[in-house]
Amino acid sequence: MIQHLLKLVWNRKRLNTLLLVEILASFVVLFAVILSSIVYLNRYLAPDGFDHENVYSITLNVDYMVFIRSWDETMYNHIVNALREFNLEPEIEAIATFVPIPYGGSAYITVFEYEGTQVASQLMYSSDDAIDVFKIEMLDGRWFSSEDDALEFEPLVVTQRFAEEMFGQEDPVGKIIMDDDVEYRVVGLIEDFRKDGPLGRLQPFVLLRQSLENFSDTPISSFLVRIEDDISFSFEEEMADRLEELVPYPISIELLSESRVQGMKEAIQPLIVSILLVVSMIFIVILGMIGIFWQTITRRTEEIGLRRALGGSRRRIYFQLIVEIALLTSLAVIVGSVVLIQLPFFGVFGDIPFNTVVIAILLSATTVYLLSIFSGLYPAWMASRVQPAVALHYE
């Protein structure tokens, strides 16, 4: 029976071409939206790699380029002494410098090389107490400490993503990376650090130590403060007043968890717009398919009436038309799947895993089947109600 139906579909290929194109286009658009949704969902469910609750970001509101040019040991000592004095407040659990701050939108990008392998990584400067501010758990090795001031190399703490891209399956701790005659050595490994928010793309990160004991060329333009859990919201105003007394620059204070939520809203807006457009498109496609199915079946009134006159049951005719719709959908899905399944091998989807692409294809195919069959239910039902006398009328 399937072979016979395939012949019928092929013999009416001109009539079915428009329908095939519409189903194929719907399949591709659904695939794009479903793939994006899966990627965003996987990112959201992945751990942040640090604890952002009860952490405030304090940023100096200065012209950064002017600040860099005027950065000297006097400014360094002034800010470091202010941080040390502020850290004595009883409500403060930990305070640390961290540049650039999470969810801030800025990034430092550099390329590290190891035995011919190059990895472009985001770079962050962190003081020793950042591990307490973020409650970071070490997977291997250690965090920065004051003992690092005596080292003859620059210590690095790297994320899992960086270690995998740079060293593969090798243990990253102890690996030496040379860059412009500067020796960097990996001393610690941490989970992937989601600095750009839970919906941001997972990237390799490298943390460099920013010493608060010796002058550093890296300006301290922002720092992070962890407060105790039971502190009231009024403490934010008290903290701002206290910092204004200690730091000779205007400052802005923001709760890191609020920055995270705001970043999520901005990141998810394009996806929400896409989903709304696709929902509108699905409604239009359903109406279009119903119209095309109706037109196609109307042109076959003579054929359907003759089958009824020759003893064909309504149920059998209804079933045949639904199967034809499923076969048309299968042709469109097969063509689309063959093309889409090859795109990951050409790097079109970047670092999206192949199994994610396959899942998106399967979900898109299932959705298209449901839409097509739903759109054909009423036209097929009406066709199955054709009376044998209609065939005599056409004859």
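User: How do the residues of the lining of the largest pocket divide into nonpolar, polar and charged?
Analyst: The lining comprises eight nonpolar, five polar and six charged residues. Here Ala, Val, Leu, Ile, Met, Phe, Trp, Tyr, Cys and Pro count as nonpolar, Asp, Glu, Lys and Arg as charged, and the others, Gly among them, as polar. This is a predicted model, in which local features need pLDDT of at least 70, side-chain atom pairs count only at pLDDT 80 or more, and totals for chains, interfaces and linings use all residues. Residues are numbered from 1 along each chain as its sequence is written, and side-chain values use heavy atoms, with hydrogens and water left out.

User: What volume does the largest pocket have?
Analyst: Its volume is about 400 Å³, taken as the space filled by probe spheres set on grid points joined across faces, edges and corners. On a 1 Å grid over the protein atoms alone, a pocket is an open set of points where a 1.4 Å probe fits, with protein on both sides within 12 Å along at least five of seven lines; lining residues have an atom within 4 Å of a point.

User: Turning to K175, is that residue buried or exposed?
Analyst: K175 counts as buried because its relative accessibility is 16%, the cut-off being under 20% relative accessible area (1.4 Å probe, protein chains only).

User: Which side chain does K175 join in a polar contact?
Analyst: The partner is E170, at 3.4 Å. A polar contact is a pair of N or O atoms within 3.5 Å; within protein, one must be able to donate a hydrogen and the other to accept it, and residues adjacent in sequence count only if both atoms are side-chain atoms.

User: And where is I227, buried or exposed?
Analyst: I227 lies in strand β10 (residues 222-227), strands being DSSP runs of E with at least two residues, numbered from the N terminus. I227 is buried, at 5% relative accessible area.

Methods:
Buried means under 20% relative accessible area, exposed over 50%, partly exposed in between (1.4 Å probe, protein chains only). Helices (H or I, at least four residues) and strands (E, at least two) are DSSP runs, numbered from the N terminus.
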